[in-house]
Amino acid sequence: MVEVDRVSRWFGDTVALSDVSFTLGPGVTGLLGHNGAGKSTVLSLLAGSVRPSQGRVRVLGGDPHAEVGVHRALGVVPDGEGTWSHATAHAQVAFLARQRGVRDASAAASAVLDRVGLGAAAHRRVGGFSKGMRQRVRLAQALVHDPRVLLLDEPFNGLDPAQRRADVDLVASLGEEGRTVLVSSHVLAEVERMASRVLVVVNGRLVAEGEPAAIRDLLVDRPRTVHLDGPRVLELAGLLLAEGVVESVQRDTTGRGGVLVQAPRATALAEAVPALARRVGATLRRVEPVGEDLESTFAHLVRRARGAGR
Amino acid sequence: MSGPVAEVSSEVPGGVSGGGAGGGPRGAGAPRAVLHDVRYSRFTGALRPRRSAVAALVAAGVRRPLGLRRSAGSKVWPFLLLAAAYLPALAVVAVPLLVPQVDVQPTELIGYPQLLATNSVVVLAFVATAVPTVLTRDRRDRVLSLYFATALSRAEYVLGAALSAVSLLLLIVLGPALVLFVGSIATAGDPGGWFAEHVGDLPRILLASLVVVLPNAALGLAVASLTSRRIVAVGGYLAVVLVGPVLSRLVAVVVEADWPLAFDPAGGPVLLATAVVDGAPAPQGALAWVVWAALVVAGSAVLVGRYGRGGDA
Amino acid sequence: MTTTDPPAIECTGLSRTFGEVRALDGLTVAFTAPATGLLGANGAGKSTFMRVALGLVRPDSGTLRVLGMDAARERDEVRRRVGFMPEHPCLPLDMSAQEVCVHLARLRGLGHRDAVRRASEVLFAVGLEEERRRPVGTYSLGMQQRTKLAQALVHGPELVLLDEPTSGLDPAGREEMLQLVRRLSRDLGVRVVTSSHVLDDVERTCDEVVVLRAGALAAQRPVAVGHDPGGAVHVRVGGDPAEFAAALAPRLAPLGVRVAPTPAGDVGISAGTDAALDVVRDLAAEQGRALVRLVADGRGLEDVVLDAMEGRGERTGG
């Protein structure tokens with residue numbers, strides 16, 4: 001549905017994206033990267049507001065920059081403001097629906113506002129909305145014409161925890177409906193929950209793509225850290241060290257107690273733990289791999305891309 | 001992530017010098033090594049009285065519109081205005097000083113009232129462009145909640161702003177007059193005698209300057225407190241001081257009397273100041289003074305109203 | 001911190017209405033932990049509460065004390081001891097970080113020399129090096145956030161209020177800011193109150209959370225859950241989990257512990273007592289299975305907080 005083929009983009013003297021290629025299909029894909037690393041450029045290219053300096057961008061088979069028709073099936077929630085204070089939420093969304101050729105604009109607007117959780121506030125002026133509610137209006141604007149491709153740039157900005165959770169579920173369900181969704185967010189724990197695949201951009205280049213767990217497994221030079229806790233855990237840790245199963249032992253200082261052990265090979269550690277714990281008489285109240293989340297994976301990818309230094 | 005420069009000594013962090021570390025069980029004698037804890041810690045020094053804080057605010061409020069400690073570009077316009085304000089006085093003082101044949105006292109070439117009159121345009125321009133900055137920059141930077149929560153009370157802020165504006169304007173109004181005065185001492189045949197004869201002028205010069213400065217400061221700050229955009233403040237102020245005189249003159253013609261001229265917000269104070277310097281009664285008498293006081297009070301009221309507890313800041 | 005220290009913030013019956021909106025409705029709560037996270041839906045009263053604590057808004061009724069001092073009456077004293085890091089941009093863009101810190105330090109009553117020295121210390125502590133002399137307008141978002149934190153600390157306050165400190169920061173920036181905040185309360189003994197929408201941040205930096213709802217207290221509990229011997233435990237082993245579960249069930253039955261599959265496909269045991277856990281361990285050792293993961297299935301902080309925000313579940317306590 002979305003094809004990016006060897007795309008590069010320069011802004012004057014700086015290169016924002018360098019030789020990036022990927023394709024997106026139905027489902028939710030997360031877009032990760034530091035500020036200024038090229039993420040917003042990717043979104044702008046797909047939205048058609050910017051043309052690639054080199055390479056080709058195709059959305060649903062068309063060029064988003066040149067062909068207006070693409071936008072009928074494309075929904076975009078950009079970063080920053082995009083609502084008018086004086087109109088009601090319903091009016092704004094219905095207006096955009098009409099512009100994009102939706103048949104019964106008013107009903108579509110009501111339906112989509114319900115879906116994003118603004119059903120009760122649909123006929124109030126947007127000027128009186130909180131930041132989070134305005135964010136949801138923008139989401140509604142992007143959804144009202146039932147787009148097949150959705151681009152979301154930091155869509156949860158300003159939303160409180162309950163709203164965030166609801167919207168994470170909403171985005172996940174949009175993906176399950178078969179739409180192609182690209183979400184850019186800094187809160188990686190949430191990306192993990194919504195997205196089945198991720199694209200990782202570092203310094204303008206694509207350094208990884210695919211399922212988060214699979215990417216993680218490919219990073220073989222990662223140290224594997226496990227948090228162990230329970231009575232006599234220190235003796236267990238000492239034994240693991242003595243037997244050469246782990247390379248280092250550290251007390252956990254974040255307040256949860258227990259120890260953190262580092263092992264070159266995760267399977268060897270997992271296999272050794274029950275037997276050695278039994279030998280020492282240590283009850284295992286917690287055995288938890290640490291750093292298996294997307295945030296750790298991302299940090300490792302950046303370090304790896306950098307090579308030396310920092 | 002940056003961390004402490006020196007390792008912590010065995011003592012609780014605080015202050016500059018840590019305790020001794022080396023030594024050990026060697027007993028009496030100086031320790032062989034000492035570690036100093038330089039990490040961030042609570043501030044244990046004495047706090048200055050509030051007037052020192054207000055003074056810092058006033059200093060910053062005066063520096064900013066003049067472009068001091070900033071790029072050269074931001075100094076251009078203010079220094080141009082300053083030059084325009086001081087030039088007449090400097091010229092008039094320089095001529096007799098440099099050309100001994102000219103034996104005229106500077107004050108005879110330009111009297112204080114004339115200085116005030118010629119400077120009134122500069123004053124207008126300065127109030128319009130520089131004074132609002134005292135308030136609008138802070139509003140635009142959105143720094144006020146930080147100030148009122150952790151640094152200053154609203155009263156201290158308003159006082160500081162008012163003092164900044166008055167100081168800036170005194171620079172334009174009182175400064176040249178003092179140059180004239182001091183220059184006259186220098187060029188007089190008998191400096192000591194001239195000074196003794198004219199020392200009574202000083203209080204009148206100061207008073208006259210305040211007469212011009214206060215209503216303009218009040219007006220400029222009042223307009224600035226109503227907006228966070230400098231351009232709107234400038235426009236508002238200019239509207240008042242350009243339209244005001246025209247209106248008052250119109251009314252004067254229509255009514256065929258002089259008293260409406262007392263309501264001229266630009267020229268009125270200058271006339272009053274002239275009167276003060278000359279020791280003469282004001283042209284429109286008490287009415288003029290009432291209008292003057294009203295301007296100062298109303299302007300201050302707007303300022304306090306906007307920044308006071310119930311206000312919008 | 002001793003137990004005789006006054007609460008960082010403490011209020012009783014705090015109420016404030018804006019027009020028709022009841023922002024605070026008889027709020028009564030005491031912040032006693034070293035680092036507290038303040039959570040709540042938009043409109044639940046969080047920002048109004050902070051503004052009252054900072055003296056920017058007067059309550060209609062009730063009292064609020066900061067570090068033991070009345071927030072309304074002893075305003076000047078409170079100002080010296082409190083630092084504030086707002087969420088919105090609040091720095092003069094034409095001044096450098098150094099100038100901003102010195103200026104604010106002087107406004108807070110430090111002499112010039114002290115102000116310069118303190119500014120230098122605090123800028124180093126937040127990690128701003130040569131860039132501290134450039135205008136703030138040229139800074140990246142991460143640097144601006146650090147400058148905001150630095151100015152909050154320059155006068156050495158006892159309590160710092162942070163409003164969305166990681167807002168807009170990318171993962172690396174967030175990590176650094178969270179570490180800074182953690183150091184503040186852990187190592188530097190500064191009390192911290194953080195208002196945030198990102199639960200993850202609060203979990204990593206705070207000892208306790210306070211959840212507001214409709215202007216009143218909805219929940220207050222510690223972040224770390226203690227060990228709960230009666231709680232369920234999820235176990236992930238190498239090989240076929242069903243086989244393991246089948247062998248496990250009869251051994252746990254005498255202890256009154258049941259075995260059931262979890263949604264993630266792991267083996268769940270109903271009560272993680274030490275005796276039961278030892279049975280799991282021994283069976284894994286006997287069968288030569290890898291023990292990949294063993295974690296208590298406590299109700300996470302997120303569930304508790306979301307329930308409280310929406311009005312379900314417990315009122316206070318942990």
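1. A polar contact is a pair of N or O atoms within 3.5 Å; within protein, one atom must be able to donate a hydrogen and the other to accept it. In this predicted model, ten residue pairs across the interface of chain C and chain B are in polar contact by that rule, both residues being at pLDDT 80 or more. On chain C, the elements that contribute two or more residues to the side touching chain B are α2 (75-81), β6 (82-85), α3 (97-107), α4 (112-126), α5 (141-153) and α6 (171-186). The largest share, six residues, comes from α4(C).

2. The extent of this interface may be stated as follows. In chain C, 50 residues are in contact with 34 residues of chain B. The two chains bury about 4000 Å² between them, and 54% of this area lies on carbon and sulfur atoms.

3. Three salt bridges are counted between chain C and chain B. In one such pair, the side chains of Arg137(B) and Asp94(C) meet at 3.2 Å, N to O. Both residues belong to a network of salt bridges that also links Arg64(B), Arg70(B), Asp138(B), Arg140(B), Asp141(B) and Glu99(C).

4. Arg140(B) is exposed, with a relative accessible area of 51%, whereas Asp141(B) is buried at 5%. Over all chains, the structure holds 43 salt bridges.

5. In helix α7 (residues 199-205), Arg204(C) and Asp200(C) lie four residues apart, about one turn of the helix, and their closest N and O atoms are 3.5 Å apart. Arg204(C) is partly exposed at 30% relative accessible area, and Asp200(C) is partly exposed at 23%. In helix α9 (residues 274-287), Asp278(C) and Arg281(C) are three residues apart, with a salt bridge whose closest N and O atoms are 3.4 Å apart. Arg281(C) is buried, with a relative accessible area of 7%.

6. As to the overall form of chain C, there are ten helices and 14 strands. Its C-alpha atoms fill a box of roughly 75 × 50 × 35 Å along the principal axes. Of its 318 residues, 55% are buried. Among contacts between residues at least 6 apart in sequence, 69% join residues at least 24 apart.

7. On chain B, Val246(B), Leu250(B), Val251(B), Val254(B) and Val255(B) form a nonpolar surface patch with about 430 Å² of accessible area together. Leu250(B) lies in helix α10 (residues 230-255) and counts as exposed because its relative accessibility is 53%, the cut-off being over 50%.

Notes
Residues are numbered from 1 along each chain as its sequence is written. Chains are lettered from A and ligands numbered from 1 in the order in which they are written. This is a predicted model: local features need pLDDT of at least 70, side-chain atom pairs count only at pLDDT 80 or more; totals for chains, interfaces and linings use all residues. Side-chain values use heavy atoms; hydrogens and water are left out. Patches are made of residues with over 30% relative accessible area and no salt bridge: like charges are joined within 9 Å, nonpolar side chains (Val, Leu, Ile, Met, Phe, Trp, Tyr) within 5 Å. Accessible areas come from the Shrake-Rupley method with a 1.4 Å probe; for residues, only the protein chains shown count as cover. A salt bridge is a side-chain nitrogen of Lys or Arg within 4 Å of a carboxyl oxygen of Asp or Glu. Buried means under 20% relative accessible area, exposed over 50%, partly exposed in between (1.4 Å probe, protein chains only). Contact means heavy atoms within 4.5 Å. Buried area is the accessible area (1.4 Å probe) that two parts lose on being put together, summed over both. A polar contact is a pair of N or O atoms within 3.5 Å; within protein, one must be able to donate a hydrogen and the other to accept it, and residues adjacent in sequence count only if both atoms are side-chain atoms.
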